[in-house]
Amino acid sequence: MRITDIQRCEVRPGRLVEWTLSPATVAAATALPEDSRPPAYIQESHIRTARSVREDGLFVPTWLGTAFDLPGPLDLDVLERALHAWTLRHETLRSGFRWAGDELRRFTLDAAEVSLHREDAGDFPDAEGLVRHLQHRFDTVADALRWPNLIYTAVVRDDGASVYMAFDHSNVDAYSVQRIAAEIHQLYAAGLGGTEPDDHGPVASYVDFCEIERAGADSLDGRHAIVERWREFIHRCDGTLPAFPVDLGLTPGGPLPRQQMLCEPLADADAAAAFEAYCRPYGGSLVGLLAATGLIVHELGGQPVYRTVVPFHTRVKSRWSDSVGWYVGGAPIEVPVGRTRGFPEALRAVRAELQANRSLARMPLARVLRLLGSDFRPTSPDLHSIVSYVDARGIPGAERWTGLKAYGLMRVSYGDQVCVWVNRLPEGLWLASRYPDTDVAVKTMRLYVERLRDRIASVADGSLSAVS
């Protein structure tokens, strides 16, 4: 699924209908006792960061979402039942947090207490006006510091509808978002046909995963080898987590800058396949992207070692495969690009680092930072820069994404880090990145993407020499 923002996902005019959790559901939640299952460390870090940034006087929306079409004419009642059934399927969507002093405590509604409230928001004859309205509504409702923090919408036209759904990041990751279109389509089609959908029973709960993961993380102490590895890594990053090692035109100690987004294809299907084939002996396309990035940022910024935190999913057991949640950890790598002779040597260096450190992603970074005792009061929604790679072709419904105008949505607002996501789709490689909106960063990121595209093309067409 192509990742983009709400401004670039083919929004078309129509009549807007919105669904949120009903007032009765919200009232029931206020009376709930505490759920003993704690937040995941990544959830707690996210919410504390949002609070910290808000206390500094800045509202930084960080929601994720999805967009996709449904064929018409639309039956709103059937769609509402599909949205309701899908919401009940994923326990994290009916679970939230409240503060008890400085502690976050979970509450979770029973499925029977959850209902949706539908509201007709009126006709929007202008696409730009509709985009502004959707972004404002998503910013307001899908906010880390409120609950409920999800909203579903449909833009209805005579020939069908476009569905737009937004969630605070604490409930979803990119993989979760990319599964939604196929699940809602299946539920909606079953509803229209008066049949039961296939394989849409209960799924494993992310809330249960949070409890299991946190118990494992809490069993470790500051002397554990994982913690020591992070301590060494952060020490070599001058006591912090790594930024993108190029000049971004930022003022040290200045206010959090606005960001902008870059979204475009990197390679077609044939070039993506050739790049994967070349990189497969070293570990595949992820290794190739990291090796290429390391070499490129060395060319642009001159840093002799490329340090970054590589995101990996934490769905290590198949039971979590269909579950909506934020199943992401990070592993540190250090690649000596300054003394690396060519792409194959960089590939070998990245492979060795990932083999040595990938298991560290199973330990939540927020837990590590707490054990290190460092003062990591976050001033940015991103603790570090990332380059992420996902082969999304195996996600259910991937072959239909283009026809359905299906997108993964990301809010771009403020931040001082560079985050890059590369998805392998049936049609090739797609890149999305958000980065500081400075003249220097705009030029630097354009150079980075152009050189990354050239590197992939040179591998794909066989023009890459053994030491280039």
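Author: Start with accessibility: buried means under 20% relative accessible area, exposed means over 50%, and partly exposed is in between, using a 1.4 Å probe and protein chains only. Before we go on, this is a predicted model, where local features need pLDDT of at least 70, side-chain atom pairs count only at pLDDT 80 or more, and totals for chains, interfaces and linings use all residues. Residues are numbered from 1 along each chain as its sequence is written, and side-chain values use heavy atoms, with hydrogens and water left out.

Reader: Is D238 buried or exposed, then?
Author: D238 counts as exposed, because its relative accessibility is 74%. As for elements, helices (H or I, at least four residues) and strands (E, at least two) are DSSP runs, numbered from the N terminus. D238 sits in the loop between α7 (225–236) and β9 (259–268). Its backbone is worth a look too: D238 has a positive phi of about 65° although it is not a glycine.

Reader: What phi does E10 have?
Author: A positive one, about 60°, and E10 is not a glycine. You'll find E10 in the loop between β1 (2–4) and β2 (14–21). With a relative accessible area of 35%, E10 is partly exposed.

Reader: How do I read helix packing, say α2 against α11?
Author: You compare axes, which are lines fitted to C-alpha atoms, for helices over the stretch in contact; angles run from 0 to 180 degrees between N-to-C directions. The axes of α2 (residues 41–55) and α11 (residues 365–372) come within 7 Å and cross at roughly 75°. Angles under 35 degrees count as roughly parallel, over 145 as roughly antiparallel, 65 to 115 as roughly perpendicular and the rest as oblique. So α2 is roughly perpendicular to α11. Contact means heavy atoms within 4.5 Å, and here Y41, E44 and S45 of α2 meet A366, R367 and R370 of α11.

Reader: What classes do the residues of that contact of α2 with α11 fall into?
Author: Here's the sorting rule: Ala, Val, Leu, Ile, Met, Phe, Trp, Tyr, Cys and Pro count as nonpolar, Asp, Glu, Lys and Arg as charged, and the others, Gly among them, as polar. The contact of α2 with α11 has two nonpolar, one polar and three charged residues.

Reader: And what angle do α8 and α10 make?
Author: The axes of α8 (residues 269–279) and α10 (residues 342–357) cross at roughly 70° and come within 11 Å. That makes α8 roughly perpendicular to α10. F275, Y278 and C279 of α8 make the contact with F343, P344 and L347 of α10. By class, the contact of α8 with α10 has six nonpolar, no polar and no charged residues.

Reader: How many disulfides does the structure hold?
Author: A disulfide is a covalent bond between the sulfur atoms of two cysteines. The cut-off is a pair of cysteine sulfur atoms within 2.5 Å, and this structure holds zero disulfides. For C419, the nearest cysteine sulfur is that of C263, 13 Å away. C419 is buried at 2% relative accessibility, and C279 is buried at 0%.

Reader: What does D382 pair with through its side chain?
Author: Its partner is the side chain of R434, in a polar contact at 2.7 Å. A polar contact is a pair of N or O atoms within 3.5 Å; within protein, one must be able to donate a hydrogen and the other to accept it, and residues adjacent in sequence count only if both atoms are side-chain atoms. D382 lies in the loop between α11 and β12 (386–391), and D382 is buried at 13% relative accessible area. Leaving aside neighbours within four places in sequence, D382 is in contact with Q259, Q417, C419 and R434.
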